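This report looks at the surroundings of a ligand, a nonpolar core and a helix pair. The sequence and structure come before the details.

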Amino acid sequence: MTALPAPRYVVLAFVGLLVGVAPAADQGGTAADGAARVDYLLHCSGCHRPDGAGAPPEVPSLRGPIGEIVGTPTGRDYVARVPEAAQAPLDDEDLARVLNWMLREFSAATLPAGFRPLDAQEVGAARKRILTDPLRARAAIAGRYEAVGAHGSR
Ligand code: HEC
């Protein structure tokens, strides 16, 4: 009749918090989303930063313009042909997954309506034709980074 068994409540509250937080850590998504996020953090974020902001002008931001770029067949092809993506130590399925995750996570607002996610087959075919001059390819598709994707990070 003295003190409440406080520690037990604290433990229960903590467990509840973990259970509640786990799906949120995946942004309410599936296990595939979680795996894609881990691949992004391991293989892409070192240059593009965890939030996709990149380090312009050397490393382009993945926030915004890339969503418009994948609205055309050439643009869909392009994202898997950029050397750093094409050569990532990921199989075609995992590269497609991380690219789709990147598009939804950072460029949802600019994705075309009804965007069809990239699939492993098209990503596999595209990455074999790795771009030898990605900056020139980018300029031909959507202008230079500065023109399309500056978003204030000069
Ligand atoms: C070593 C640094 C580095 C890593 C790691 C890296 N990138 Fe990049 N990324 C770049 C650079 C630099 C460019 C600009 C093109 C170039 O010079 O190859 C670029 C360009 C891109 C573009 C084109 C952006 C645009 O607006 O045209 C996409 C998409 C992209 N990267 C996705 C990824 C993904 C996905 C990963 C992980 C699988 C990744 N990158 C890993 C440095 C990196």
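## Ligand shell

How many residues surround the ligand, and which are the closest? The model is predicted, with local features needing pLDDT of at least 70 and side-chain atom pairs counting only at pLDDT 80 or more, while totals for chains, interfaces and linings use all residues. Residues are numbered from 1 along each chain as its sequence is written.

The ligand is surrounded by 24 residues, the closest being C44, C47, E84, A88 and P134, where a residue is near if its C-beta atom, placed from the backbone, lies within 6 Å of the molecule. Two or more residues of the shell come from each of α3 (45-48), α4 (65-69), α6 (83-86), α7 (92-107) and α9 (134-142), helices being DSSP runs (H or I, at least four residues) numbered from the N terminus. The shell divides by class into 17 nonpolar, 4 polar and 3 charged residues; Ala, Val, Leu, Ile, Met, Phe, Trp, Tyr, Cys and Pro count as nonpolar, Asp, Glu, Lys and Arg as charged, and the others, Gly among them, as polar.

## Nonpolar core

The largest nonpolar core has 24 residues, of which V79, A80, L95, V98, L99, M102 and V123 touch the most other members. Such a core joins buried Ala, Val, Leu, Ile, Met, Phe, Trp, Tyr and Cys residues through C-beta atoms within 7 Å, buried meaning that 20 or more other C-beta atoms lie within 10 Å of a residue's own. The largest share of this core, 8 residues, comes from α7.

## Packing of α7 and α8

The axes of α7 and α8, lines fitted to C-alpha atoms over the stretch in contact, lie 8 Å apart at an angle of about 100°, so the two helices are roughly perpendicular (65 to 115 degrees, on a scale from 0 to 180 between N-to-C directions).

Notes. A residue is buried if 20 or more other C-beta atoms lie within 10 Å of its own, exposed if 12 or fewer, and partly exposed in between; C-beta atoms are placed from the backbone. Angles under 35 degrees count as roughly parallel, over 145 as roughly antiparallel, 65 to 115 as roughly perpendicular and the rest as oblique.
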